[in-house]
Amino acid sequence: MDPLNDNVRSILALATSYKPGTIIKAERVVDAKLDELRGSRARRAAMDALLHELALPTRHARNRGSLFELIELQLKRWHTEMAYLFH
């Protein structure tokens, strides 16, 4: 089973049961995935894959509380930080 899919499933479950503080739990899911990876390229690829998954129309029906947009903003911040730190 693909670990990215496990992370996407976790994020979808969080989005479906959206409550205050859900973005923190979602960020922890993403952080845990990125911590498993070595190197900035692998992390960027994982972030891009996650953004692609969350952008699928079938996923948006479960996007309560604009959780995906908040995750997208956080991933863009991480992309910027990584570009600054590793280039």
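Which residues of α2 are buried? In this predicted model, local features need pLDDT of at least 70 and side-chain atom pairs count only at pLDDT 80 or more, while totals for chains, interfaces and linings use all residues. Residues are numbered from 1 along each chain as its sequence is written, and side-chain values use heavy atoms, with hydrogens and water left out.

Helix α2 covers residues 22-36; helices here are DSSP runs of H or I with at least four residues, numbered from the N terminus. Its 15 residues reach 22 Å from the first C-alpha to the last, close to the 21 Å expected at 1.5 Å a residue, where the expected span is 1.5 Å times one less than the number of residues.

The buried residues of α2 are Thr22, Ile23, Ala26, Val29, Val30, Lys33 and Leu34. Buried means under 20% relative accessible area, exposed over 50%, and partly exposed in between, with a 1.4 Å probe and protein chains only. Seen down the axis of α2, these buried residues fall within an arc of 130°, so they line one face of the helix; the arc is that of the directions from the helix axis to the C-beta atoms. Arg28, Asp35 and Glu36, on the other side of α2, are exposed.

Alanine 32 also lies in α2 and is partly exposed, at 39% relative accessible area. Between alanine 32 and isoleucine 71 there are 14 Å in space, C-alpha to C-alpha, and 39 residues in sequence.

Ile71 belongs to the largest nonpolar core, which has 21 residues. Such a core is a set of buried Ala, Val, Leu, Ile, Met, Phe, Trp, Tyr and Cys residues joined through side-chain atoms within 4.5 Å. Ile11, Leu50, Leu67 and Ile71 touch the most other members. Helices α1 (3-16), α2, α3 (40-55) and α5 (67-86) each supply at least two residues of this core, and α5 gives the largest share, six residues.
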